[in-house]
Amino acid sequence: MRRSWLVMMLLVCVIGVQAQTSASLSGTVMHAQRPLEDVRVTVSSPALQGTGSSMTSADGTYHFPALPLGRYDVTFEKSGLPRMRSVAILRLAQASRIDVELPELGATEVIDVFASAPVIESSRGSSSLALH
């Protein structure tokens, strides 16, 4: 009986330590003061193998429930809107939140430049030297 009690306590301690080695990140993405659906939210960090990504839901929310602790670069992308970046520092058992408002895509102006090289006549040649 005493041995099973010791095993149970050890198991509870191990589970408790595992639960405290991560943090969560969530938030809401807005545009024109309205929730924005289908925004790709990407997190990258040296603490994370590769990158993680999620799409915002109909109410503009996203959630990464269990990320390793550390510094994260967070990118928000939706076609037709400018990409935004933010930084999050995730600490032990912390629930971090990043809410963003994606602005309108600024007006862009396209200028086409067409130029041609000057014509050089190779049949007539002359040379001159001017001394002053």
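Me: Why is Arg71 counted as partly exposed?
Reply: The relative accessibility of Arg71 is 45%. Buried means under 20% relative accessible area, exposed over 50%, and partly exposed in between (1.4 Å probe, protein chains only), so Arg71 counts as partly exposed. The model is predicted: local features need pLDDT of at least 70, side-chain atom pairs count only at pLDDT 80 or more, and totals for chains, interfaces and linings use all residues. Residues are numbered from 1 along each chain as its sequence is written, and side-chain values use heavy atoms, with hydrogens and water left out.

Me: What makes the contact of Asp73 with Arg71 a salt bridge?
Reply: The closest N and O atoms of Asp73 and Arg71 are 3.0 Å apart. A salt bridge requires a side-chain nitrogen of Lys or Arg within 4 Å of a carboxyl oxygen of Asp or Glu, and the pair is therefore counted as one. Asp73, at 33% relative accessibility, counts as partly exposed.

Me: Why is the pair of Tyr62 and Phe76 called edge-to-face?
Reply: The ring centres of Tyr62 and Phe76 are 5.8 Å apart and the planes stand at 65 degrees. Rings of Phe, Tyr and Trp (its six-membered ring) pair if their centres lie within 6.5 Å; planes under 30 degrees apart count as stacked, over 60 as edge-to-face and the rest as tilted. The pair is therefore edge-to-face.
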